[in-house]
Amino acid sequence: GYALWMRYAPLQPALAADYRTHLGEVVSPDQTPTQRAAREELVRGLSGLLGRAPRMNTAAIAAPAVVLGTPQSSVLIAPLRKEIEALGDEGYLLRHAHIDGHTVLLVAAPQDIGVLYGVFHLLRLLQTGASLDALEVRESPRLRLRLLNHWDNLDGYVERGYAGRSLWDWQTLPEWRDPRYTDYARANASLGINGTVLNNVNASAQSLAPDYLAKAAALADIFRPYGIRVYLSARFSAPIELGGLTTADPLDPAVQRWWRDKADEIYTRIPDFGGFLVKANSEGQPGPQDYGRSHADGANLLAAALAPHGGVVMWRAFVYAHDVPADRATQAYTEFVGLDGAFLPNVIVQVKNGPIDFQPREPFHPLFGAMPRTPLMMEVQITKEYLGFATHLVYLGPLYEEALQSDTRVRGEGATVAQLLTGIAGVANIGNDRTWSGSHFDQANWYAFGRLAWNPRHPSRDIAADWAAMTFTPSPEVVQPIVEMMMDSREAAVNYMTPLGLHHLMARGHHYGPGPWVDGGPRADWTSVYYHRADRHGIGFDRTAHGSNAVGQYSPEVAAEYEDLARAPEPLLLWFHHVPWDHRMASGRPLWDELVGRYTQGVRQVQGMQATWAGLQGRVDAQRHVQVAAFLSLQRREAQWWRDASVAYFQSVSGRPLPAGETAPP
Ligand code: GCU
């Protein structure tokens, strides 16, 4: 599992022979670290896939050749300057050309990093068995910021991490530059991920202390050739903890000076430092509201310190207050919408995909479209805190796609969330586990996140197919069933955990396994009963105008749809409505029967995945086959646990008999 989707295993001999007719020689510059990274990757890939190392050259051509470079780095590419410029700083071009009487394959870009991205694209074509005839690819990323957020603590523990301990070995940094850091950078560059926040949003001030900055600088040095900038989560009270000040008030001149000095210090060590990610006044974290100031005052304090160096502040909208709100789903919008226009230009507000917290299914967050004067990033979770950790097979591509393609209808039709974004952040599922992600299939979620960050319109099904081909084998008899499993898996999890718009029914604290009965304790919104509101008459959270009116935070067209029991999309029904048990569903069944049926269906879907996987025995190497099969059987057992526990609990509330054909939980 270590090689991820960059296995470069030998292709079928006929295919390899065909590719060799295009790719016998690599002509590439090797003056900069990024040029060398591109060259080395291509050589590594071709040697593995085609079973033979290509000839290497830096300028002259002996066909058939692949020619890499930028107008600055290659005299062969220089004449294409005009054509290439339009691709932007990170774009690239792949096409055939005639140079010096030879037909060559160009991987050309305005900047070195585009060439590296182009090399990964070319390798992907080979890994998936695509034809190189008539090749014509022009690519540029749609989003400027494509970041991983690591929730890694300095002691090596990863918050909500299910893939071992942190990849960052703070103790041995900066001296020991583990080669695994380079492999991490390669994997991210293969997807176009261009930034990484190294530490947890629940940040320790220590990560800004000189010792830790030296360690972060070592990582930045390793990542730089791969186009990845380092960012840090900043603790708002760091001027007190590290600077010995008595306040962190953003309007205090001493505090402002401290952050300016800190920014200067960081940039002397990391000249291309990306900026800060901040969780403030949420879940007990310090923030500007501690001093009676606003989120804008807080964000602008840091933004002003970073601006001279070109850094950004990603200020999170995940605010989760001390007082229990009438409806937790409304809080971020309530606190932020009035601040639109109040932020400095280098502030980006980072908004989770949905208004609660990375649930198996949520509607899109109402802040998307509601802050037209503020750059926004969407934050999704790659690690599966609420989706069965690393053991349940749940492909998140469809979840990300659904969020990105949600139509906010703020500018008439066609304003999808994706179109409103400046960037995207994924809470990483990476640790020091041999598979990186805690399971083979969780690698697909890192992969899909990166591909969608590059192009949010890419169908998640196609991404799954690429991943399966690269990770297992390009043969369609393997790829097709794996894709079917993956595409069904998210809906399966929704069904056996939280069907029909239910949410936050997981056990308290760790969020693994069912807990719809969770009640009591310190806060109402830490209970499940707060979210499902099941009673003798029905179930669901009334967020219409008669209830919390969360629907009122969406644009009028979206609100009208969600508000109307007849028009609200069934997958979100119980998110927005408290619905009688007898309510007739699209299937013709009463809600109670539908709910039980969905839970059972979820278990059947997992059984289906097991059967599909069993059919791949002998076509997937035994080592990986056996582990995936074991995880699926665990998932099947736990899907049943979710189903039985949830049905039994809701039955105790509804008092209804099980529908015909449903068996009682043991
Ligand atoms: C969730 C998660 C926390 C995390 C928080 C956040 O609530 O359970 O561990 O800190 O999100 O996004 O800040």
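**Notebook: ligand shell and aromatic pairs**

I began with the ligand and sorted the residues of its shell by class: eight are charged, three are nonpolar and two are polar. I note that the model is a predicted one.

**Entry 1. Ligand surroundings**

I looked up which residues come nearest to the ligand. Of the 13 residues around the ligand, these are Glu159, Lys279, Arg316, Lys352 and Glu385.

For Lys279, a side-chain N or O atom is 2.6 Å from a ligand oxygen. For Arg316, the distance from a side-chain N or O atom to an oxygen atom of the ligand is also 2.6 Å. For Asn202, I found a polar side-chain atom 3.0 Å from an oxygen of the ligand. I next looked up the cover: on its own the ligand has 320 Å² of accessible area, and the protein covers 96% of this.

**Entry 2. Aromatic pairs**

I turned to the aromatic rings, taking as pairs those whose centres lie within 6.5 Å. The count comes to 36 aromatic pairs.

I examined Trp168 and Phe223. Their ring centres are 5.9 Å apart and their planes stand at 55°, so I recorded the pair as tilted. Trp168 belongs to the loop between β7 (145–149) and α5 (179–189), while Phe223 belongs to helix α6 (residues 210–223); the pair therefore ties together parts that are 55 residues apart in sequence. I found both Trp168 and Phe223 to be buried.

I compared this with Trp258 and Trp259. Here the ring centres are 4.9 Å apart and the planes are at 85°, so the pair is edge-to-face. Are these two residues buried or exposed? Trp258 has 14% relative accessibility and counts as buried. Trp259, at 0% relative accessibility, counts as buried too.

**Entry 3. Arginines over rings**

Finally, I looked up charges placed over ring faces. Arg533 lies over the face of Tyr530, 4.9 Å from the ring centre. Arg543 lies over the face of Phe541, at 3.8 Å from the ring centre.

Definitions and conventions:
Residues numbered from 1 in each chain as written. Predicted model: local features only at pLDDT ≥ 70, side-chain atom pairs only at ≥ 80, totals over all residues. Heavy atoms only, no water. Phe/Tyr/Trp six-rings, centres within 6.5 Å; stacked < 30°, edge-to-face > 60°. Helix = DSSP H or I, 4+ residues; strand = E, 2+ residues; numbered from the N terminus. Buried < 20%, exposed > 50% of the residue type's maximum accessible area, 1.4 Å probe, protein only. Lys NZ or Arg CZ within 6 Å of the ring centre and 35° of its normal. Near = heavy atom within 4 Å. Polar contact = N/O pair within 3.5 Å; in protein donor to acceptor, adjacent residues only side chain to side chain. Areas by Shrake-Rupley, 256 points an atom, 1.4 Å probe, with all protein chains shown as cover. Nonpolar A, V, L, I, M, F, W, Y, C, P; charged D, E, K, R; others polar.
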